[in-house]
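Here is a short briefing on one structure.

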Amino acid sequence: MGIDEIIELSSYQAEWKDIYEQEKRKLEPVFAEQAVEFAHIGSTSVEGMTAKPIVDILIGLKELHIDEQTDRQLVSMQYESMGEAGVPGRMHYRKRIGQKINLQITEWDSAIWRDNLLFRDYLRTHPEQANAYAQAKRSTLANGINTLLKYSDEKSGTIAELLEKARAWAKV
């Protein structure tokens, strides 16, 4: 199966934090040798945010390498490897059986790592920007754009604008 899939949006669910923590505990032994840090990212990590009901977990590794044993363990946990999924410097795994989860695996403190945390932290501390972003997502879906690739493409400009504002906010 390719990366594209039908998407839906959900209002914020407090349980997303718990789902992240539970899955992190399961993943920690898999990445024990490699992982520097785990982080809950994406819209499910921003309280009150409308989101695809898929928990995004960012895993920062000492170096970006997934060996066969790690891949086998992830597959046994129902994860499917999506390769880079269009983002050089990141490995993407997803779980669609039971609780839906995306793993974004990258080198710790890389640009991908820092941008994801900056974006999350900016939305957490700027509710008016988070609301505008949520509205843009709802409008995209209301306009009939309900597949992942088109949806992601449609909101990429909004994300780029918000990331620029976040960088100015953080003076990065």
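What covers the buried residues of α3? The cover includes β1 (35–41), β2 (55–61), β4 (90–95), β5 (101–107), α4 (127–142) and α5 (148–170). This is a predicted model: local features need pLDDT of at least 70, side-chain atom pairs count only at pLDDT 80 or more, and totals for chains, interfaces and linings use all residues. Residues are numbered from 1 along each chain as its sequence is written, and side-chain values use heavy atoms, with hydrogens and water left out.

**Helix α3**
- α3 spans residues 111–125, 15 residues in total.
- From first C-alpha to last, α3 reaches 21 Å, close to the 21 Å expected at 1.5 Å a residue.
- Buried residues (under 20% relative accessible area, 1.4 Å probe, protein chains only) of α3 include Trp113, Leu117, Phe119 and Tyr122.
- Arg120 of α3 is buried too.

**Largest pocket**
- The largest pocket has a volume of about 1,100 Å³.
- Of its 35 lining residues, Arg90, Gln104, Asn116, Lys155 and Ile159 are the closest to the centre.
- β2, β4, β5, α3, α4 and α5 each give two or more residues to the lining.
- α5 gives the most, with 8 residues.
- The lining of the largest pocket has 16 nonpolar, 10 polar and 9 charged residues.
- A pocket here is an open set of points on a 1 Å grid over the protein atoms alone, where a 1.4 Å probe fits, with protein on both sides within 12 Å along at least five of seven lines; lining residues have an atom within 4 Å of a point.

**Glu5**
- Glu5 lies in the segment before α1 (15–27).
- Glu5 is buried, with a relative accessible area of 16%.
- Its side chain makes a polar contact (N or O atoms within 3.5 Å, one able to donate a hydrogen and the other to accept it) with the side chain of Arg96, at 2.8 Å.

Terms used. Helices (H or I, at least four residues) and strands (E, at least two) are DSSP runs, numbered from the N terminus. The expected span of a helix is 1.5 Å times one less than its number of residues. Buried means under 20% relative accessible area, exposed over 50%, partly exposed in between (1.4 Å probe, protein chains only). Contact means heavy atoms within 4.5 Å. Grid points are joined across faces, edges and corners, and a volume is the space filled by probe spheres set on the points. Ala, Val, Leu, Ile, Met, Phe, Trp, Tyr, Cys and Pro count as nonpolar, Asp, Glu, Lys and Arg as charged, and the others, Gly among them, as polar.
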